[in-house]
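Have the viewer open as you read.

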Amino acid sequence: MRNYLVAAVISAAMNLAVGSLATSAEAAPVTYRVTIETSEDGTDNTVKARMFDASGRPSSWTEFDKSGYNDFERGDHDTYAIKVPSNFGRPAKLQLWKGGNDDWCFAPWVRVTSPDGVQGGMGASAAAAHLCLTEESEHQETVTASDGTTYTKQYYHHYLPPSPIDWPR
């Protein structure tokens, strides 16, 4: 009887361990890559992002920071990884947030690459040449470039575009 009880406990423990391995394998996160072009106003402040699935469920916030690298400098094209749960599905939206007290401006088109290499993107209307994150009030301004052309800067506290990520069909 005693051997039977020990064998039953060992068997139950092995089944639990195998079940845990299967569950953790199913729950392994998948990684999307986000590429952003910093325009004229860079920042040394913290920049974070998160994704939303089609039902509006958010992923965890991910800090965009490469060790030993000065992120978000003028003209940089930087790529960062965001992990989402495997059951998240293809992300529908990407939200950007910046801490600190300076402004950070980026090109209005942000590329998102899926784990299988499919590229989608999100962006603002053609009217906004630069999107900016600021701690000041949200506003829009028209700027005249050195060559005489004008463009619009749209300032947000955080950026969550109204339209979803545009994935190829």
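## Rings, a glycine and a sheet

Tryptophan 104 has a relative accessible area of 0%, so this residue is buried (buried means under 20% relative accessible area, exposed over 50% and partly exposed in between, with a 1.4 Å probe and protein chains only). Before going on, note that this is a predicted model, in which local features need pLDDT of at least 70, side-chain atom pairs count only at pLDDT 80 or more, and totals for chains, interfaces and linings use all residues. Residues are numbered from 1 along each chain as its sequence is written, and side-chain values use heavy atoms, with hydrogens and water left out.

Which ring pairs with tryptophan 104 edge-to-face? The partner is phenylalanine 72: the ring centres are 4.9 Å apart and the planes stand at 65°, so the pair is edge-to-face. Rings of Phe, Tyr and Trp (its six-membered ring) pair if their centres lie within 6.5 Å; planes under 30 degrees apart count as stacked, over 60 as edge-to-face and the rest as tilted. Phenylalanine 72 sits in the loop between strand E3 (62–63) and strand E4 (77–84), and tryptophan 104 in strand E6 (residues 104–106), so the pair ties together parts that are 32 residues apart in sequence. Helices (H or I, at least four residues) and strands (E, at least two) are DSSP runs, numbered from the N terminus. Phenylalanine 72 is buried too, at 2% relative accessibility.

The whole structure holds seven aromatic pairs. Ring pairs join Phe64, Phe72, Tyr80, Trp104, Phe106, Tyr156 and Tyr159 into a cluster.

Charges also sit over ring faces; the criterion is NZ of Lys or CZ of Arg within 6 Å of the ring centre and within 35 degrees of the ring normal.

| Charged residue | Ring | Distance to ring centre |
|---|---|---|
| Lysine 66 | Tyrosine 69 | 5.0 Å |
| Arginine 90 | Tryptophan 167 | 4.7 Å |

Now for the glycine. Glycine 100 lies in the loop between strand E5 (93–98) and E6 and is partly exposed at 39% relative accessibility. Leaving aside neighbours within four places in sequence, glycine 100 is in contact (heavy atoms within 4.5 Å) with Asn45 and Glu135.

Four strands form an open, antiparallel sheet in the order E4-E1-E7-E8, where strands pair if DSSP finds at least two bridges between them. E4 and strand E8 (119–123) are the edge strands, each pairing on one side only. Strand E1 (residues 30–37) pairs with E4 over eight bridges, and threonine 35 stands opposite threonine 79 in E4.
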